[in-house]
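Let's take a walk through a protein model, one piece at a time. Keep the picture open while you read.

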Amino acid sequence: MHPEIVKIMSVVNQIKQAAASSIQALYGASVLPEQVLVNQTKPEFEGDYTVVLFAFVKTLKKSPEQLGKELGDFLVSNHPALFSSYHLVKGFLNLTIPEAYWSEKLLDSYANSCYGFAPLNGNKVMVEYSSPNTNKPLHLGHLRNNFLGRSIAEILKATGNEVVKTCIVNDRGIHICKSMIAWQRYANGATPASTGMKGDHFVGDYYVKFNDAYKAEITELKAKGLSEELAEKEAPIMKEAQQMLLDWEAGKPEVIQLWKEMNGWVYEGFDTTYKRIGTDFDKIYYESNTYLLGKDLVDKGLNQNVFYQKEDQSVWIDLTGDGLDEKLVRRKDGTSVYITQDIGLAEQKQKEFNAQQSIYVVGDEQNYHFKVLKLICQKLQLPSADGIYHLSYGMVELPTGKMKSREGTVVDADDLVDEMIRIAREKTEELGKVNDFTEEERVALYDTIGLGALKFFLLRVDPKKKMIFNPEESIDFHGFTGPFIQYTYARISSILRKLQYNTDTKLTLDTVNTFSPLEKELMVALEQFPETLQDAAKEQDPSKVAIYIYNIAKIFSSFYAEHSIANAESTAKQQLRIMLSVLTATTIKNGMEVLGIKVPERM
């Protein structure tokens, strides 16, 4: 445990506890803190936080006014360190937190570089993400998956969980054989090294070549009088791919050799992209090693009457009672299906890591699959079953529309990252603020801005929603973007440098210091950071962190526009504003860090 990471109870949770215990003391009614609804007070009303009373009116047989007055009086007189006054508006009890509370909070927090992070809680979580196919390079959809998976892992880590990041690589099957057949037909022995191409792009090109040849053969067969359906089955190139899959399964040495070589090229390419976008894993599983898992579980399920066998020897599970349908778990020829492999892998991962929760970051087209997976695991009474969680996300499109990989019109991840860095360079040079940077510093900065813009834009949207990614819009130094937040951080760093502030600088705070409205607004918002991280972890939604950090940057900009730090009206005010600036910078840095985004000291 990091020495600076200590458990802090948020002001909202303190209010909930105080309100619940006060209702118990006043009326003898048992109320849990989580039953108390607390919101930030609307700006047009007096107060900081509001307790909503309507939920208790009926059970306590009190009018909202009477309940509000009695509870307000009790809270202020029994919790003076937390409440200085209250203001009642119908069923809304608006509470004012004393200035001393905020001063103390600021003094305790500003120098803590781990502000917002929680100590270890003994819980272990596994996050599986990325899961690429080895027949093509990563694309825009993979980027949303990678950024979501990694940020959820980091948010869970920041909130005290031990996290294991995993990936399952789909390295076998007909799609790989298609690239292999096309390479045999058309490559003349070419390799990524001989062509100067990145390995995943090289292999991806042969997947596209396969489909082009397949279409041409279908057209040819149809011209000879075959139906579309028959032409698709009889096309020679498809038959060759199917034969290759059989040869692979039979372990034919030359097929296995080519398969290993071509997958090796792809992994080298993936590694380059992963490193570039900041993706990493603690454990990588390969489908070629896991596709036979789960076979014994089918027998176990038959013995337990969880599964049943049809006359043709195929094995099924009937989920109609759970609102789903019947699902095949073993084909009549004894081979397993995807769901069987996933059940087997879920069991293996549980034995290996013993995690309480297993999160799968997979697109929403797989919603049904994961409902079935969880249900089957529960019915088989696997220890991992209840912890299975599908973090489902919507498709990501460009303003020009959808992406498809078979036609070779996919939005390539590497190309997109290059484009983002190019736009970052262009827009930064337009502002003319990097003239004193060395070339090395500039390259690093454009990389930080370009990738930051890409990640933030893909993470600022609720994962469940479909989204349209607009590269130009994502690198706007003034909007709801990563670069705006990065600019705010760099600006604070510059202010602190000019004031010669460093981590050894000792600051003091007059505890009777009065906060201006903007200073207080910033402090109240900063206090919510640990709770925001907890909320994002509970909802498995990084957009909550992205939106929060953007709001912090906005509030700081308003505060700084109104209040000078260097020329503050008194030493006490200057120290207060330096502390607020330091805590804002730490909050932005830590918030962006869990999103996988770097913040530059200069910009």
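## A glutamine tucked inside

Q486 sits in helix α19, which covers residues 482–498. Bear in mind that you're looking at a predicted model. Is Q486 buried or exposed? Its relative accessibility is 0%, under the 20% cut-off, so Q486 counts as buried.

Who are the neighbours of Q486? Setting aside residues within four places in sequence, Q486 is in contact with T448, I449, G452, M592, I597, K598, V599, P600 and M603.

Now for a contrasting case. E65 belongs to helix α3, residues 64–78. Its relative accessibility is 42%, so E65 counts as partly exposed.

Which residues does E65 touch, if you don't count those up to four places away in sequence? They are L88 and K90. E65 and L88 are 23 residues apart along the chain, and their C-alpha atoms are 7.5 Å apart in space.

How enclosed is β4? Four of the five residues in this strand (92–96) are buried, so β4 is largely enclosed by the rest of the structure.

## A five-stranded parallel sheet

Next, find the open sheet of five strands, in the order β7-β6-β5-β11-β12, where the pairing is parallel. Which strands stand at the edges? They are β7 (283–286) and β12 (388–393); each has a single partner strand, so one side of each has no neighbour in the sheet. From one strand to the next, the twist averages 25 degrees.

Zoom in on β5 (residues 124–128) and β11 (residues 357–363), which pair in the parallel sense over four bridges. Here E128 stands opposite Y360 in β11. Helix α5 (residues 140–158) lies across β5, β6, β11 and β12. Compare α5 with β6 (162–169), and you'll find the helix running at about 160 degrees to the strand.

## A three-stranded antiparallel sheet

There's another open sheet to look for, with three strands in the order β8-β9-β10 and antiparallel pairing. Its edge strands are β8 (308–309) and β10 (326–330), each pairing on one side only. β8 pairs with β9 (residues 315–318) over two bridges, and the bridge partner of Y308 is W316 in β9.

A helix packs on this sheet as well: α13, residues 295–303, touches β8, β9 and β10. The direction of α13 makes about 125 degrees with that of β10.

Finally, turn to helix α4, residues 99–109. Helix α4 packs against helix α20 (residues 517–527) at an angle of about 60 degrees, with the axes 11 Å apart. α4 and α20 are therefore oblique to each other, and their crossing is left-handed. On the α4 side, the contact involves E99, Y101, W102, K105 and L106; they meet K520, M523, V524 and E527 in α20. Sorted by class, that contact has five nonpolar, no polar and four charged residues.

α4 also crosses helix α23 (residues 571–594) at roughly 60 degrees, and their axes come within 10 Å. α4 and α23 are therefore oblique to each other, and α4 passes α23 in a left-handed crossing. L106, L107 and S109 of α4 make this contact with L576, M579, L580 and L583 of α23. What classes of residue are in the contact of α4 with α23? There are six nonpolar, one polar and no charged residues. Look out for L106: this residue of α4 takes part in the contact with α20 and in the contact with α23.

Methods: Residues are numbered from 1 along each chain as its sequence is written. This is a predicted model: local features need pLDDT of at least 70, side-chain atom pairs count only at pLDDT 80 or more; totals for chains, interfaces and linings use all residues. Side-chain values use heavy atoms; hydrogens and water are left out. Two strands pair if DSSP finds at least two bridges between them. Axes are lines fitted to C-alpha atoms, for helices over the stretch in contact, and angles run from 0 to 180 degrees between N-to-C directions. Contact means heavy atoms within 4.5 Å. Angles under 35 degrees count as roughly parallel, over 145 as roughly antiparallel, 65 to 115 as roughly perpendicular and the rest as oblique. A crossing is left-handed if the near helix is turned anticlockwise from the far one by less than a right angle, and right-handed if clockwise. Ala, Val, Leu, Ile, Met, Phe, Trp, Tyr, Cys and Pro count as nonpolar, Asp, Glu, Lys and Arg as charged, and the others, Gly among them, as polar. Buried means under 20% relative accessible area, exposed over 50%, partly exposed in between (1.4 Å probe, protein chains only).
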